[in-house]
Amino acid sequence: MHDKILKEILSFKNIEKDAILSRFFKTGPGQYGEGDMFLGITVPISRKIAHKYGDIKLIEVEKLIKNKYHEVRLIAILILVYKYKQSKNDSEKKIIVNFYLKNTRYINNWDLVDLSAHYILGDYLINKDKKILEKLSKSKNIWERRISIISTFAFIYNSENKWTFKIVNVLMSDEHDLIQKACGWMLRESGKRVSEKELMSYLDTNYNKMPRTMLRYAIERLPENKRLYYLKLK
């Protein structure tokens, strides 16, 4: 089955888009996606393939997620999301979550994280102990740190932002802009979907410690007068 799926994926290779994606995802020396390889396959096509093979066994998904090509790993992750959503009970979900956490080394770019973390890990943790997020937030692996904050999107959708604030506190001094942007994005969403008042209260306490990039993302949806207020304070 793995060979069949891989053959189908490779049939969509687009050399022109491959070069564009390689630049977009910063694959040059010293960049965050250094060494990653692309096929030039669009996300809509990747989703169709993932949906088509959503019922394959995890052992086949494991082969795909370890592939050198970005889009193959993406399809593996989209299959995982599909499998998680189709799970009939908590024990089935736990198997997928454990598989996800076991393979974080292959979830190694921001799109792979953003299309999976809150749908799998975040959703699973909604009514459970969330300490794994604190562990991930302190990881040396940038993508595990990003998983920790993006996972809280699931809680935000569930009208709860306590853990978003808690993980942002851990990541406050993170120097990587992909972490700063992710934190700012989740803060912004917490203000939009949970409570603008609670977001502003958090900003009032923490704006002076926040990197400017994080702050800019966090205040993006606030009224102009409030945005200017925080920017001037910074």
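Is T164 buried or exposed? T164 has 0% relative accessibility and therefore counts as buried. The legends below describe close-up views of a predicted model.

View 1. T164 belongs to helix α12, which spans residues 162–171. Residues up to four places away in sequence aside, T164 touches I149, T152, I156, M186 and L187. One of these, I149, is also a member of the largest nonpolar core, and another, L187, takes part in the contact of α13 with α14.

**View 2. The largest nonpolar core.** This core holds 72 residues, of which I149 and L203 touch the most other members. Helix α5, residues 70–86, contributes the most to the core, namely 10 residues. Apart from neighbours within four places in sequence, L203 is in contact with M210, L215, A218, I219, L222 and Y230.

**View 3. Helix α4 against helix α5.** Two packed helices are described by the angle between their axes and the distance between the axes. The axes of α4 (residues 58–65) and α5 come within 7 Å and cross at roughly 150 degrees. Angles over 145 degrees count as roughly antiparallel, and α4 and α5 are therefore roughly antiparallel to each other.

**View 4. The loop residue Y106.** Y106 sits in the loop between α6 and α7. In sequence, Y106 and I65 are 41 residues apart, while their C-alpha atoms are 6.4 Å apart in space. With neighbours within four places in sequence left aside, the contacts of Y106 are I65, K66, R73 and L112.

**View 5. Helix α8 and its packing partners.** Helix α8 (residues 118–125) is mostly covered, with six of its eight residues buried. The buried residues are H118, I120, L121, G122, Y124 and L125. They pack against α5, α6 (90–102), α7 (110–114), α9 (131–137), α10 (142–150) and α11 (153–157).

**View 6. Helix α13 against helix α14.** Helix α13 covers residues 177–193, and the axes of α13 and α14 come within 6 Å and cross at roughly 140 degrees. Over 145 degrees a pair would count as roughly antiparallel, and 65 to 115 degrees as roughly perpendicular; α13 and α14 are therefore oblique to each other. From α13, the residues L187, S190 and G191 meet E196, L199 and Y202 of α14. The contact of α13 with α14 divides into three nonpolar, two polar and one charged residues.

View 7. Y207 is located in the loop between α14 (196–206) and α15 (212–218). Y207 and Y229 are 22 residues apart along the chain, and 11 Å separates their C-alpha atoms. Not counting residues up to four places away in sequence, Y207 touches L233 and K234.

View 8. K26 lies in the loop between α2 (15–24) and α3. The phi angle of K26 is near 50 degrees, a positive value in a residue other than glycine. With 35% relative accessibility, K26 counts as partly exposed. S159 is found in the loop between α11 and α12. Phi of S159 is near 65 degrees, which is likewise positive in a residue other than glycine. With 53% relative accessibility, S159 counts as exposed.

Technical notes:
Residues numbered from 1 in each chain as written. Predicted model: local features only at pLDDT ≥ 70, side-chain atom pairs only at ≥ 80, totals over all residues. Heavy atoms only, no water. Core = buried A, V, L, I, M, F, W, Y, C linked by side-chain atoms within 4.5 Å. Buried < 20%, exposed > 50% of the residue type's maximum accessible area, 1.4 Å probe, protein only. Helix = DSSP H or I, 4+ residues; strand = E, 2+ residues; numbered from the N terminus. Contact = heavy atoms within 4.5 Å. Axes fitted to C-alpha atoms, helices over the stretch in contact; angles between N-to-C directions. Parallel < 35°, antiparallel > 145°, perpendicular 65-115°, else oblique. Nonpolar A, V, L, I, M, F, W, Y, C, P; charged D, E, K, R; others polar.
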